[in-house]
Every structure is written in C-alpha cells, then in structure tokens.
Amino acid sequence: MSTETPSSGTELTADQAAALLDRIDALESEVAALQSEVGDNANKMVIIATKGTLDMAYPPLILASTAAAFGYEVTVFHTFWGLEILHEKNSKNLKLSSVGNPNMPIPNAIAALPGMDRMTTRMMRGKIADNDVASVEELIEVSLESGVDLQACQMTIDLLGYDEADFYDGVTTGVGAASAFQEMQQADIQLLI
Amino acid sequence: MSMDVTETLDVKGQNCPMPVIKTKGAFETLAAGETLEVVSTDSGSMSDIAGWADSTDGAELLDQQETTDNGEDVYKHYVTKTD
C-alpha cells in the first residue's frame, strides 16, 4: 500500500468522489453481513461413532455431552456398530473384547476361550460402577437433554435389520452420509471414533 | 464462608463428565450476580470446571477449594454469573 501523501495536483472530481463513497458503502455493508454471519454461528462439533463395544461407547458420549456444556451444537452420527450405543436394548448389554487388546492382563490365547468376553465385560462394569462413572444409558439421557443430536445412520439400520422403534426416544433416524458430511463441512471439530 | 452463595449443586459420587454438565445446567438457572457452589468428589473437576468457566461467556470462577469431609476428598467450586 502506498504511503505517499496525495499531491495537491491530484484532487478528485465530484464523480470520482461519489464513486468512492459508493464503494465504501458497499464494502461496509459487506463487512457487516460477514460479521453477523460469523456472530450467529455457534461452534459446532460432529462426531462419527463407528464402534459398539463397551469401552468405545464412552468417548463419543462423554465428548458430545461435554461439548454441549461448552455451548457447542453437537451432532453424533452413529454408523455400523456405533448403532449399538443408540439401540435401547443392546446399549445396556455392550461388551468388552478381551482379544486383540494388548493391555488386557491375560494372553490372547486365553482371552479367545469361550466366556472370556463375558468375564472381562463383567470386570469392566464392576470398575465403572466402583469409580462412579456414569452408565451409557445415563450419558445418552444427559446428551439428549443437553440438545445433542444423536443420529442413527439409515443405511446401517437397514443393513443390520433394526427398526426405528429399537432406538432411544429422541434419536434422529432417516439420515445418511450426505447429511453427515454437510454438518461436518460446517463444524469446527470433526472426529471419527 | 465469606462468599455469598445463591445455590449449591451437590455432584458428590459422580465422575467425569457429569460435574461439568450439571454445573452448566445449574449455572443457566442463575441470574446475573448470583453465585453457584459446586461440591464434587471428582479430583478431575478442578481442571474441568476451571476450563469450562474459562470458555463460557458470563461465567467467572471465583474460587476453588480442596477440603476433606469424613476422610473423603471434596472439591468445591464457586462460579458467578457476570451478565
């Protein structure tokens, strides 16, 4: 940008001055429109929840309800096994896999024996209760109460043979990848869990 | 207690993320100038509620205290609604 002071020989004609004033008006209204657009938009977060084990049900629900407490508009799009979290009956019976998790205190060869998943799930549920951690059901309830939009992917509802009535009241059905993508486009935070 | 507490929220026996979520819910019912006391047994609530108040318009964290109640660690938080 030039910092030269205009010399007295370059005074604007009345037409040029009027054109400049018009241009300033146009830019000012453009800035005002942009400012109101930015100001109106609450922060948004979208989580894609794809896992249906007991341990993996927690991160999306905890982050979603916490973000809502921070004033975010939150959408959690549940697809594939993530649907189990929203399935009213199955959500109360989510299991922990004892195989393929090197942090388990038992070797994989033993973890693969029949009944081991049931045992490790029972141990985990005991720990959850002992440590005052909320249940999946409670977290779904507070998420819905806080205005989180819990969505169940229609394609995987059909694929897994579920019915809309199987899900918690307040869960959004009839949504697909395009609506999830559109929300992700507008979101400040997008997570795949 | 020198602070003028309007309302007390008891979230003892509840763990992350419940203290913050319930704090937000109780905070919304306050009028400007009123102060909420949150009583928690979750040690993580010290940084969680501080972070929440820092990011929330109109919320000001006045004080946080670590005390012991019948041998149990108790964390108290004081949040004022400024507008």
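## A helix across the sheet in chain A

Let's start with helix 8 (residues 177–185) of chain A, which lies across strand 1, strand 2, strand 4 and strand 5 of chain A and runs at about 140 degrees to strand 1 of chain A. Helices (H or I, at least four residues) and strands (E, at least two) are DSSP runs, numbered from the N terminus. Contact means that C-beta atoms, placed from the backbone, lie within 7 Å. Axes are lines fitted to C-alpha atoms, for helices over the stretch in contact, with angles from 0 to 180 degrees between N-to-C directions.

This is a predicted model, where local features need pLDDT of at least 70, side-chain atom pairs count only at pLDDT 80 or more, and totals for chains, interfaces and linings use all residues. Residues are numbered from 1 along each chain as its sequence is written, while chains are lettered from A and ligands numbered from 1 in the order in which they are written.

## The sheet in chain A

The five strands of this open sheet in chain A follow the order 4-3-2-1-5, with parallel pairing (a pair needs at least two DSSP bridges). Strand 4 (172–175) and strand 5 (189–192) of chain A each have a single partner strand, so one side of each has no neighbour in the sheet.

Six bridges link strand 1 (residues 44–49) and strand 2 (residues 73–78) of chain A; Ala49(A) has His78(A) as its bridge partner in strand 2.

## The sheet in chain B

Chain B has an open sheet of four strands, ordered 1-2-4-3, with mixed pairing. Its strand 1 runs parallel to strand 2 (residues 35–40) of chain B, joined by five bridges.

Definitions and conventions. Contact = placed C-beta atoms within 7 Å.
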